[in-house]
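Have the viewer open while you read.

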Amino acid sequence: MDMELLAGVLGEYEGLDDAGVAAALNQPGAATSRAVTMAEFMRVAYATGLYARLQAVMRGEVTRDSTGDVVALLKMLDGGMTDVDLSGEAGERMLATLTSGRLASDDEIAKLRSLAVVSGRSRADELGLGDVRAEDVTAARRLLADRATAEDRRREYDAIRERLVAGYLDALAWINAEEAVGHDAPTWDGVVGRL
């Protein structure tokens, strides 16, 4: 787990506890669709027997009300098509032809449709974090707190340095002024008091 990366996105999840942040990061995004290659389509068609039923219609062994549509569909499948968008108009028409011609069952149509579904990716996966657990969020928050503590400590030291330098310059100017007007040299405690 890249704690630096995780710590860097925690600000986007203000108001959520550690488990809530982990859940939000692991939540898959919306599924999308993609074009299905004809090889993928045909693999399912062969495996389910759909292709054999389509061939039977093509050879005239089986007639359906939609035989003409099925023949056109088979020519399309056997043609030079490389992929088909099953969620597009042509894909929907093809699936409707298979359903209306009683050539494909609802299960077969569902298998064909599932080929086009691309599962949504979680924000954690997009960031390369893998599965984020509440313990990971706790550790990332601890990293941020430790970093803030170190930053506070650095600021405190910087403030002391600035005060020391400013005090040194002020004390030096005072010593020089005392010498210029002819006063006796100050005591060390007097100089330190000016710092």
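Which residues are buried in helix α4 (residues 50–58)? They are L50, Y51, L54, Q55, A56 and V57, where buried means under 20% relative accessible area, exposed over 50% and partly exposed in between (1.4 Å probe, protein chains only). Just past α4, G60 has a positive phi of about 85 degrees.

A word on ground rules: this is a predicted model, with local features needing pLDDT of at least 70, side-chain atom pairs counting only at pLDDT 80 or more, and totals for chains, interfaces and linings using all residues. Residues are numbered from 1 along each chain as its sequence is written, and side-chain values use heavy atoms, leaving out hydrogens and water.

Now for the cores, meaning sets of buried Ala, Val, Leu, Ile, Met, Phe, Trp, Tyr and Cys residues joined through side-chain atoms within 4.5 Å.

| Nonpolar core | Size | Members include |
|---|---|---|
| Largest | 21 residues | V36, F41, L50, L86, L95, L98, L112 |
| Second, separate | 13 residues | V9, L10, Y13, V21 |

In the largest core, the residues listed touch the most other members. Two or more residues each come from α3 (38–48), α4, α6 (89–100) and α7 (106–115), and α3 gives the most, with five.

Zooming out, the chain has ten helices and four strands, taken as DSSP runs (helices H or I, at least four residues; strands E, at least two) numbered from the N terminus. Of its 195 residues, 29% count as buried. Among contacts (heavy atoms within 4.5 Å) with a separation of 6 or more, 72% join residues 24 or more positions apart.
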